[in-house]
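Dear colleague,

Please find the structure below for your records.

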Amino acid sequence: MRPLWPRTTRSCATSAPLGRTPPSARGASRPLWQAITSGGITYQDQPWHADCFVCVTCSKKLAGQRFTAVEDQYYCVDCYKNFVAKKCAGCKNPITGFGKGSSVVAYEGQSWHDYCFHCKKCSVNLANKRFVFHQEQVYCPDCAKKL
């Protein structure tokens, strides 16, 4: 079946048959395959209406904003921090990869900001250093000998 608009007109990625359902297509009020006649944006070579490219959680428009994609789902920074990001085993805050703390230490299914990965006893930072993991705690080799 041919679309009713000219071939040079793009349609929004929310209606493209990509084998996935973009966030804004779920419960969308506009009919699918609506042409983008003005104000469209492109993300990863896919066209979007500015009103369709929104956070999957809060529906905030993402065009011109910082956002992240996880498994073809798009999140504003706040929703990513609150609902998706792993929490640091040290400070319990989200590990976002944005700004300070973009380096992460991961071990035994836990993750830490690099600046939170320190010896439980003497507090020396252990990022990129040898450490001992004992009873869910991280120790430098010297402090681990005294356990």
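Which residues do ring pairs link into a cluster? The cluster consists of Tyr43, Trp48, Phe53, Phe67 and Tyr74. Rings of Phe, Tyr and Trp (its six-membered ring) are paired here if their centres lie within 6.5 Å; planes under 30 degrees apart count as stacked, over 60 as edge-to-face and the rest as tilted.

Please note that this is a predicted model, in which local features need pLDDT of at least 70 and side-chain atom pairs count only at pLDDT 80 or more, whereas totals for chains, interfaces and linings use all residues. Residues are numbered from 1 along each chain as its sequence is written, and side-chain values use heavy atoms, with hydrogens and water left out.

The search of the whole structure gave 13 aromatic pairs. One of them joins phenylalanine 53 and phenylalanine 67 edge-to-face, at 5.2 Å centre to centre and 85 degrees between the planes. Phenylalanine 53 lies in the loop between strand S4 (46–49) and strand S5 (67–70), and phenylalanine 67 in strand S5, so the pair ties together parts that are 14 residues apart in sequence. Strands are DSSP runs (E, at least two residues), numbered from the N terminus. Phenylalanine 53 is buried, with a relative accessible area of 2%, while phenylalanine 67 is partly exposed at 23% (buried means under 20%, exposed over 50%, partly exposed in between, with a 1.4 Å probe and protein chains only).

Tryptophan 112 and phenylalanine 117 also pair edge-to-face, with 4.9 Å centre to centre and 65 degrees between the planes. Both tryptophan 112 and phenylalanine 117 are buried.

Yours sincerely

Note on methods
Helix = DSSP H or I, 4+ residues; strand = E, 2+ residues; numbered from the N terminus.
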